[in-house]
Amino acid sequence: MFGTQLIDDYARQISDEKQASVLNGSASGTEKRYQVLHKDYADPDALRQLAGAIKDHTLHHLGDYLQLAEQALTARGVQVHFAETDEDARQTILSILREAQVTRLTKSKSMAAEEIHLNAFLSENGVECLESDLGEFIIQLDDDIPSHIVKPIIHKNRRGIAETFLREGVASDYNDDPQTITRRARVFLRKKYMDAQACITGANFLCADSGRLVVVTNEGNSRFGLAPVPVHIALVGIEKLIPGEKDLAVFLNLLGRSATGQQLTVYTEFINGARSATQPDGPEHMHVVFLDNGRSNVLASNCREILRCIRCGACQNVCPIYRQASGHAYRSPYGGPIGAVLSPLLFGDRFPEFADLPKASTLCGACKEVCPVNIPIPDLLLRLRDKAKRESVPSPAALPMAPFAALATSPNLWRSAMVMSKVMNHLPLEVAPIKPLQDWLGQRTLPPSKGGEFRKWMKTRKKTENLKNAALPDRRLD
Amino acid sequence: MSRAAILKNIAAATSALKTKAPRPDYDAAITHSAPKLAGRDLFEVFCRNLAAVNGRSMQSVAELAAFLTESGQTRGYCDPALYERIGVPLAAAGLTVETTYERSRYDDYQFGITRASGAIAESGTLILDDDATSRRLAALSPWVHVAVLERGTIHRTIADALAALGNSPNIIWVTGPSKTADVEGILIEGVHGPGEQIALVM
């Protein structure tokens, strides 16, 4: 009766070492974000609300903006493709690569590419696709999956990375100094950049007015990946659109600060076409693949606000459940509060599989407070819980609520239950031979009951209020 | 096929909305950071914010020559258009300056000198534009990148720089040296790109 949910099982499996890494990494991310936003802006909330309003407007007119962006890109010689499903996107990308006879490419970090499992697919089809973001590169070497949107290896420490580099031949000896690790990756990856034939990127934003797509990185990996190759393919979720370049001032100022506590990410690249005629470096051909993969269904749902998300990871950093469970417990590229909303929606055909995620929240509201686009995540989690109930998704951890409902609607029953709860304080529950009770207590500590305190307080308060109101009739509340 | 299906789905979703959010009308000033913009003039503000992201600003070729010599970065590339003004004095100071960049020798260039088409005071950002930068790779593969900046091209704010983006197919804003904190959150500079980012302000 009191079984556990999938996310609890994952959370229990992670080692203390991994949990410490996740906790430290996410806590420092939250701290940095808070410091920088409040130092730089008198009212950061006004900026978050504006960003949310711009995104809402864009989403409500998404068809218009998508066609506007398509026109702007096409006019600049960019080939625009549309992919309704993950399979459409994979096949579109593969056919572009086949046509250009590409067998080796580098890829800068893209959550959309993670979502469609692009690396594994390309590799099965004879294309070497190397991740160039340091964290993603290490993930790829370990055949692991990222556990955080902006800090993909938040769950790893230097010792594990040094062992990986030695095992995979990136290094010839063991050295776990972070600077040495980084230098070794630098040497290894620049050979790969120069040898590649194409580069795949995601996009952080796409301006509908100019078709400019914006890619931000701190390492410079997308810039380096693009500079020596003839073909650029950008995989862009349709929710990445914003109306115009002007709006980037709002989003860029929020993205860096929310994600990593930086005013701006180091490299902010604006691209809407092949390289200039005078420029010897950079792609001669540019493709944009617009990915739907469930997004238009989310737009039709009552959780469409989640499409405002700009993938900063602030909600992951601040979430008490994420900090304990780590990103892998959410079983999709999107962990934490964003994943708890997005995964059950995006992968809607497998809804029951992810229906436990919206319950993996204390509804404390911290995720909404830090969200740079003001997404009401707790409300969305409740809507999804309701959906699971309406669709009768079986829930192993659900308590039978009927007895409680009966108690809560009968004052007399409630009063006797309060008395009983106090009696329970003196019973040795931990040794009672009742299986479900033992299961429940195995995971929790029952606090001593203080049953009836509220009723007592309420009664006294009523008396005092009545006295006050009699003495001061003018201040009586309506 | 996907195009029509996606647009149809979007149209169905948005036409069902009772109200549609209007485009917010706002003043770009809401995006300005007052503490970041405080200072006497744009040049001072730019230099302070560049230093805050571990970039360096220099005002003379002699200063640059001394820095390169001291840090042992003695061989590099210079945009041919800047050779007379910057390459020649650097060569005279004993540095090896080439005006061609060969891809096969990408690791030979210890410094790269290219033109910045502007900068942003508010964030200490350098703006590299495909139409004005001679080689993208020369600003990436060397350990030291020197962006040569005309003082009059510094924009006050991020919003101002966006309003003046222009028409180039590729523009990159560079705010400090290439960096990562992927390994245990420890900041390391010089990941794929330069470990030293210098603005030479003329």
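**Entry 1: a helix pair in chain A**

I started with two helices, and found that helix 9 of chain A passes helix 10 of chain A in a left-handed crossing. Left-handed here means that the near helix is turned anticlockwise from the far one by less than a right angle; clockwise would be right-handed. I noted that helices (H or I, at least four residues) and strands (E, at least two) are DSSP runs, numbered from the N terminus. Helix 9 covers residues 158–167 of chain A and helix 10 covers residues 178–195 of chain A; their axes come within 10 Å and cross at roughly 35°. The axes are lines fitted to C-alpha atoms over the stretch in contact, and angles run from 0 to 180 degrees between N-to-C directions.

Next I listed who makes the contact. Helix 9 of chain A brings Arg158(A), Ile161(A), Ala162(A) and Phe165(A), while helix 10 of chain A brings Pro178(A), Ile181(A) and Arg184(A). Contact means that the C-beta atoms of two residues, placed from the backbone, lie within 7 Å. I sorted these residues into five nonpolar, no polar and two charged. Nonpolar covers Ala, Val, Leu, Ile, Met, Phe, Trp, Tyr, Cys and Pro; charged covers Asp, Glu, Lys and Arg; the others, Gly among them, are polar.

**Entry 2: ground rules**

This is a predicted model: local features need pLDDT of at least 70, side-chain atom pairs count only at pLDDT 80 or more, and totals for chains, interfaces and linings use all residues. Residues are numbered from 1 along each chain as its sequence is written, and chains are lettered from A and ligands numbered from 1 in the order in which they are written.

**Entry 3: the two chains**

I looked up chain A and found 23 helices and ten strands. Its C-alpha trace spans about 85 × 60 × 45 Å along the principal axes. Of its 478 residues, 49% are buried. Buried means 20 or more other C-beta atoms within 10 Å of a residue's own; exposed means 12 or fewer, and partly exposed lies in between, with C-beta atoms placed from the backbone.

Chain B has six helices and twelve strands. Its radius of gyration is 21 Å, well over the 17 Å that the globule rule gives for 202 residues, so chain B is more spread out than a compact globule. The radius is taken over C-alpha atoms, and the rule is 2.2 Å times the number of residues to the power 0.38. In chain B, 50% of the 202 residues count as buried.

**Entry 4: where the chains meet**

I counted 62 residues from chain B and 76 residues from chain A in the contact. Helix 1 of chain B gives the most to the chain B side, with eleven residues. That side divides into 33 nonpolar, 17 polar and twelve charged.

I traced an open, mixed sheet of eight strands, in the order 8(A)-5(A)-6(A)-9(A)-9(B)-6(B)-5(B)-8(B). Strands pair if DSSP finds at least two bridges between them. At the edges I found strand 8 of chain A and strand 8 of chain B, each pairing on one side only.

Strand 9 of chain A runs antiparallel to strand 9 of chain B, with five bridges. Glu269(A) has Ile172(B) as its bridge partner. Four bridges then join strand 9 of chain B to strand 6 of chain B, also antiparallel. There, Leu126(B) partners Val174(B).

I checked strand 6 of chain B for cover, and five of its five residues are buried. Strand 5 and strand 6 of chain B form a hairpin with four residues between them. In its turn, Gly124(B) has a positive phi of about 70°.
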